[in-house]
Amino acid sequence: MTDDHSHIVPYQTFVIVWCALLVLTGITVWVAQYNLGAWNVWVALTIATFKSGLVVAYFMHMKYEQWLFKLSLLSALAILAIFIGFTFFDVLYR
Amino acid sequence: MSEASIPASAGRGFFGEAPYRGIFGWIFSTDHKRIGLLYFWSIVTFFIVGVALGVLIRLELFAPGETIMGAQTYNAVFTLHGVIMIFLFIIPGIPAAFGNLIMPIQIGARDVAFPKLNLFSWWLYMTGACMALLSLFTGGGPPDTGWTFYVPFSAQTSTNVSLAALAVFVLGFSSILTGLNFVTTIHRLRTDGMTWTRIPLFTWTLYATAWIQILATPVIGITVALLFAERVLGTGLFDPTQGGDPIMFQHLFWIYSHPAVYIMVLPGMGVVSDIVAVFARKPAFGYKAMVVSSLAIAFAGSLVWAHHMYTSGISDLAVMVFSFLTFIVAIPSAIKVFNWLATLYQGSILLDPPLLFALSFILLFTIGGLSGLVLGSAATDVHVHDTYFVVGHFHFVMFGGTGMAFFAAMHYWLPKIYGRMYDKTVATVSWVIIFVGFCILYIAMKVVGIQGMPRRYYDYIPEFTGLNQLATFGSWILTLGLILMFVNIFRGLFYGEPVGNNPWGGASLEWQIPSPPPTENFGDEDPVVTHGPYDFKKAGIL
């Protein structure tokens, strides 16, 4: 995205990230066989968050971007979390 | 403000420099001013249609029982009035029309960051508008749900809700792309010396608005897409018999639609901030507080959506939390009102039409905002929820606020864009008529609402007749004022006396270039900014 200092990521990094994503997918499948009660959703969401974080950081190059882009993305995620959180606590206490 | 070399006479400015012949010079132009005018004329056209529908609603409510139309037609008319006024007039009104016309010039840019995307946004807007109008004549007839599309009714009605929902989806994309364009433009295309604290307050409010457009508008896209899926595929997401939750629809709808209220009103506040400073010949009081309050309204305003849902069956805890958060939004809004008054205090006030409309914004928005506290407070809201009090309230905020700011912006900036002045006396008379008609119409609504008349109803008990007739009478006065205002300003723009570069004595960049502005705004050299937007002494105005 930034023209003045484009960053070339080595293939090795992409392969490592890809392997990490596969391992995390394996963990998701493995953990699904255990009933953790209320924690089922939280565990699945935590793993999914890590996976999407890897995709955004490496495959979408966010790791190499300016702070402004990172801040924009984090703001959007924070707002989304607030939207979902507030809606859920209504359902929780209804 | 600028030390750049600007062409001494630009003649017809950008009007004389069309990229293509005839209409194609407009609908395929990527010049921000041409796109701004495309938006302006489209928006004004839809506004006139919306006003006509509003007058029809008031005529129907002139007396109990059927007056001029049947109940089903009435439902369709008030739905269409809401959809047109919200999605086609108020939301795009100031940002898309005046934001495009003025914002790039105010920051010293030659255009927006993505001119082609800008043109695409207008095409999306017109596509969405055409789809909304098409929904009237196709499928099962005009939608009859109100602009809120609440389930379960909207999922079940045989009217053409699906196409109308799709239209909102497309219009949302137009809004998102405009927001994206404006954020990028303000970050990347400011000219030399245009620091963040030298940006005019109008542009600052557009910046805050653009962020809401980017972050909140996708939610309405998702919501109407889910409604579409509910109707076409029977997904059952909002249907309790299939494990769905109808209140979830209201959450999703208002997660966008309440921040949308601030998409509507924040740019209006920016217009008023610029106008008040220029016509008081004083720097805007508390510039930084105004900037922070704009951002605070944008942020806090995104966290109050469930105050539309107190009686829907949400949890008591949610009611309390959202009621508390709602009161917080009053703080930055009040900061703005106090700062406008402080700017006017001891100023050399020029009571020209733009300031008159801006002053009516301050008064009517304050009244609307204070009546909003009655609704934000859960205990009182239960009594007036879904009554005409709510209708009166949001017309005070939306029409008394954003509508008046739109008219103020028209009287303030259009002479700049067209290079000709309207008749100021007629403009002042039309302002008086509009103000009187407005107060009669909407105060009557508030009173009849307090008395218990429900909103959206086709019929009412005879006790409410007097106030309803008063409101209808007010709507006639208001319409008369609007006709006079539009005829006067449009006549002035095409046949009025030529104006100089700076008819109002403004100190920001748009007043330093010729009227009408040339294509790409600033001759050969970009301007260099050496002082703030309201520093009238350094600008040589005082």
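Between which two helices of chain B does the loop with B:Pro152 lie? Select B:Pro152 in this predicted model: the residue sits in the loop that runs between helix H4 (115–137) and helix H5 (153–156) of chain B. Next, display the backbone from B:Val151 to B:Pro152, where the peptide bond is cis and omega is near 0°. Most peptide bonds are trans, and most residues other than glycine have a negative phi.

Stay on chain B and move to B:Pro516, in the segment after strand E2 (497–498). Here a cis peptide bond links B:Ser515 to B:Pro516, with omega about -10°.

Now select B:Arg281, in the loop between helix H8 (246–280) and helix H9 (287–300) of chain B. Although B:Arg281 is not a glycine, its phi is positive, at about 55°.

Turn to chain A and select A:His61, which occupies the loop between helix H2 (39–59) and helix H3 (67–93). A:His61 is not a glycine, yet its phi is positive, at about 65°. With 15 other C-beta atoms within 10 Å, A:His61 is partly exposed.

Finally, colour chain A by domain, with residues 9–60 as domain 1 and residues 66–94 as domain 2. Taken over C-alpha atoms, the centres of domain 1 and domain 2 of chain A are 20 Å apart.

Key:
Residues numbered from 1 in each chain as written. Chains lettered and ligands numbered in written order. Predicted model: local features only at pLDDT ≥ 70, side-chain atom pairs only at ≥ 80, totals over all residues. Domains from an automatic or database assignment. Helix = DSSP H or I, 4+ residues; strand = E, 2+ residues; numbered from the N terminus. Buried ≥ 20, exposed ≤ 12 C-beta atoms within 10 Å, placed from the backbone.
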